[in-house]
Amino acid sequence: MKLVMERRTETPISLMLISPLIAVALTLISAAIMFALLGKDPVAALSTYFLDPLSDSWGLQEVAVKATPLVLIAVGLAVCYRAKVWNIGAEGQFLFGAMAGGYIAIITHGSTQGPWLLPVMLLVGAMAGACFALIPALLRTRFGANEILTSLMLVYVAELLLDYLVRGPWRDPAGFNMPHSVVFEAEATLPLLMAGGRLNIGTPIMIAIVFAFMLLMGRTLKGFEIRLVGEAPRAARFAGFSETRLIITVFMISGALAGLAGVLEAAGTIKQLQPGISPGYGFTAIIVAFLGRLNPIGCLFAGIFIAITFIGGENAQIMLRLPLDATRVLQGLLLFFVLACDSLLLYRFRLLRGAAA
Amino acid sequence: MTLFEAIILTIITASTPLLIAALGELVVERAGVLNLGVEGMMIIGAAAGIAAAITTGSSTLGVLVAVLAGMALSLVFAALVLGLAANQVAAGLALAILGLGLSGVIGAPFVGVQRAGIGKIEIPWLSDIPFLGPLLFRQDPFVYASVALVIGVWWFLTKSRAGLVLRAVGENHAAAHALGYPVRRIRLLAILFGGGCAGLAGAYMSLVYTPFWTSGMTGGRGWIALAIVVFASWLPFRAMVGAYLFGALTILQLHAQSAGVPLPSQFLAALPYLITILVLVLIMRARRGGVAGPASLGVPFVPDR
Amino acid sequence: MQASPPLLAAEGITKRFGALVANNAVDLKVAPGEIHALLGENGAGKSTLVKIIYGLLRPDAGRLVWRGAPVQVESARAARALGIGMVFQHFSLFEALTVAENVALALDGAESLDEIAQRLSETSRAYGLPLDPKREIWRLSVGERQRVEIMRCLMQDPSLLILDEPTSVLTPQEAEGLFATLARLRAEGRSVLYISHKLEEVRRICEAATILRGGQVVAHCDPRAETAAGLARMMMGGDVVPIRHDHIEAQGPVRLAVSALSLPALHTHGIALANINLELRAGEVLGIAGVAGNGQDELFAALSGEELAPHAGAIAMDGVAVGRAGINERRKRGAAFVPEERLGHGAAPAMRLTENALLSGHATNGFLRHGLVDRAKLTDFVGKVVRAFDVRKGPADPEARALSGGNLPSWGVDAGAAATIRQALMDLARAGSAVLVISQDLDELLEISDRLCVMFMGRLSPAMPTAQATRESLGLLMGGAGMAA
């Protein structure tokens, strides 16, 4: 007996929608098995993980707060991955954006500035993220250095830089020597959308960007160019598109979105700079991008789902004493299943039996 | 023992896990598969290794379990990229994330548990040679194993028929398939070897280097191992040079910190990563127009029926 | 026929790929010491059949009989063990490995690499195909590569050698050398299964032929007893319409002028262009012949603007220097480019036809409205093109990889479609356009070109009128003889 793969000529739309759902279902089954192995009641654990976060306003707000950076970063990464450019250093670009935007808040601390402050912070954060992403892009286009490795190495550099800043020059003088900056002034933080929670205007900004990118990828020549370079690089050159320019563009787009996510997180949720500003958003967003089928709207739904696992994981740690890393396991498994299901889209599988097969 | 000798000894211990993991990945890439999940396989080896060693009380069993854990994780990767022809970059990233998570779950009960590291093996007479003796012949078994592995992998790739077939598969999988070689089976074996090596490197981290379990203890060494493979132009002896270069860098930056170099410690700690980037750039410059790695690297293979 | 059973008999071989029946109850008999031709158009099922014989594919029905006994050929290894060797059309060599290593990979015995290298030197000299075992494949010419492929088979001492379109990559002189080797193999009592669509060649060297059309056997015959036209009729299933043929001396204005164009190699295994000069006038078809890999890709890239020339004056269109202009600027000046490998170069296989039209048309055809892609206009455009060229497609907007054929020059296109395209090219020229065709198919070029030149190792010969060109003179140029240094 032998498993045989045939390339599909056309991919049915229904399959494209169903495949991520199959992946989620398989992940839930694996999660139940893992919980049982860890000696917990699978049903109770699953409901803590996936249902409790959705059961009250506070939980829902937290999901939105967590989903905001994930979706923003993932939308940018999806653009990169569509062009088969592998930026995996979004975590570093996120931190760099937070640092640059946070810097504006820190130097203006203690004085009144006016309504321009917040927009400037967001802009500077996005630009800083783009610039940080420019490094691996240029190293790839100028020297051919592998962008996977360089962008990843820069994550460690950004982490260490943030660590240095909040322990050194940017440390809060009144902070009892703790490694964090001053708490931002009210005008340097994002306005809340409603009282009694942490939901702020970062979330609507994220949703607007998702729709903007849907238009960019689906309806503009640039979006077409990005997809073409990924699909058939020689054809893209034949079409008169420059691969070098494109690599730089997509890296800067994803860097800018990651940087924006960083400054939104710093100014909205945390309201200061500190080393643990990101629980690995930049890496988790890779999963979000693939789960969302590298499509902006898909990323939105995928980001919400992953955000639920974050909140659920924290709940499960407190209530069920499940290790926090269990969440990572689930996210890793989810990416595996998503990739496996993607093969279903490209290939048709058939079992051949018998000796002649 | 002089300070100089001590530094050399610590460099050897810091380089060994890099070398073992890089050699495994080198064989995988020579077979035409890019497995970015070295970090994940390494840390699962570290966690599983120390868990088994503490539970059973046997270091040997710990090492064995670590290797098996690395192989088990690489098998998941193989299923995805060989069985389902999935994107190798994405699958490797998934492996890294999954490995980090799983290691946390496995290692959680063992946080803070101390145990004696694996002892050194002295080679009689040779270890009494002044200076060189203690450096070369009074080492733990992993160090000897890593050197044996370098020679073994070199011999396998350049001298053996199986190595020739493996290189052929990495060079042009369609042609190897046309000649009747089982491309996917050969790649599976290479991936398993890579997983075993990564697991072994992880066991070194948790059983010899530290020796206890902390979450995320491999600290990006798996990624550096990947960079070493590129640095080495896919050649085993150059991988050894690369691993020792990076090992030396890590240790020297630590010594610079304790010697009071007037630079923030974070800057020194960032050096290995910055130098990795620099080396990648220099290597690509030096190799402009030269050999660029196995031709089928990273390309999914789907046999026609 | 009691005396000697056929060496190989395929009986009722059927193979389906999804809805497509690639082989339908195909019968084939190859006698010992016979050079047997397998004739057919592209897509007739030749490749499927030989892959089944060589153990790379399993038939859905039918059986193989080897020396009178039914056999199951489970793998290429099993085929080699029986004594079947195969030389592939698209070389299956390992670029970074040496000749000896490449040969060793095809041998299943326990010889050491040194022994193989030794035996290879001796055998290759004995067959008049000398090879250096220590050289890496990427350093070899196309002809030498084919020698490696053939030697790789001969080292296994096969009784049946399968050759898939072996002369398509050779100069006429190199082909002569191959025919001599084949004659020698026959004299040694070996059989050859010779896959080709070149009729003259088959009539010259084969003593039996099986002709396939649409996956079915249409005839078994002795090609020496048939005319080329007769064979062609069997292959195509009807008379092939000859192309209207009127070579002319074009007097129109110079549309494209290339002067002293040099370009370094694009990549490691590429060819550098050296001092290329040519003039292309309105109303003519200029053909560029040459064995694959002599710089045609590079020339195409330089002409289209995928690669920019070192200085603007090297390439001029309608008298305007465009050497430093990108591909879209050249398109706006009225140039159109059709690359050799359509999928992955001229078109993206996984994208839709409308999107592929956007690919080369975005600069000139005005598909953008307020910066957004105008889908209605695109769909309309594709509809027109499809009707004009009779592109066969299923659903209204399929992905490009589902389409068959349709590229230029007509490599990989079935003969009917190729003829349509050639005619369209000639009509284009007669209507006042200037047409440049780069092809390896000499017959095709002789048919449609008004003037011809030859590429060899990055150099281009002066153009000669097609009427004065002979296969021999062109062949010499293709082999590098008489090319000014």
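Two residues are in contact if their C-beta atoms, placed from the backbone, lie within 7 Å. The model is predicted: local features need pLDDT of at least 70, side-chain atom pairs count only at pLDDT 80 or more, and totals for chains, interfaces and linings use all residues. Residues are numbered from 1 along each chain as its sequence is written, and chains are lettered from A and ligands numbered from 1 in the order in which they are written.

**Exercise 1.** Describe the contact of chain B with chain C.

Solution. 
- Step 1: chain B supplies 13 residues and chain C supplies 19 residues.
- Step 2: on the chain B side, the elements giving two or more residues are helix H7 (161–171) and helix H8 (173–178) of chain B. Helices (H or I, at least four residues) and strands (E, at least two) are DSSP runs, numbered from the N terminus.
- Step 3: H7(B) gives the most to this side, with five residues.
- Step 4: by class, the chain B side has seven nonpolar, three polar and three charged residues. Here Ala, Val, Leu, Ile, Met, Phe, Trp, Tyr, Cys and Pro count as nonpolar, Asp, Glu, Lys and Arg as charged, and the others, Gly among them, as polar.

**Exercise 2.** Describe the contact of chain A with chain B.

Solution. 
- Step 1: the contact takes 40 residues from chain A and 39 residues from chain B.
- Step 2: elements of chain A that give two or more residues include strand S1 (2–7), helix H5 (117–143) and helix H13 (325–346).
- Step 3: H13(A) provides the largest share of the chain A side, 13 residues.
- Step 4: that side has 29 nonpolar, seven polar and four charged residues.

**Exercise 3.** State how helix H1 (residues 13–37) of chain A packs against H13(A).

Solution. 
- Step 1: the two axes come within 8 Å and cross at roughly 145 degrees. Axes are lines fitted to C-alpha atoms, for helices over the stretch in contact, and angles run from 0 to 180 degrees between N-to-C directions.
- Step 2: the contact has 18 nonpolar, three polar and one charged residues.

**Exercise 4.** Is strand S3 (residues 35–39) of chain C enclosed or open, and which strands does S3(C) join?

Solution. 
- Step 1: five of the five residues of S3(C) are buried, so the strand is largely enclosed by the rest of the structure. A residue is buried if 20 or more other C-beta atoms lie within 10 Å of its own, exposed if 12 or fewer, and partly exposed in between; C-beta atoms are placed from the backbone.
- Step 2: Ile35(C), Ala37(C) and Leu39(C) lie on one side, and His36(C) and Leu38(C) on the other.
- Step 3: five bridges join S3(C) to strand S8 (residues 191–196) of chain C, in parallel, with Tyr194(C) as the partner of Ala37(C). Two strands pair if DSSP finds at least two bridges between them.
- Step 4: four bridges join S3(C) to strand S9 (residues 208–213) of chain C, also running parallel, and His36(C) stands opposite Ala208(C).
- Step 5: S9(C) is in turn joined to strand S10 (residues 216–221) of chain C by five bridges, running antiparallel.
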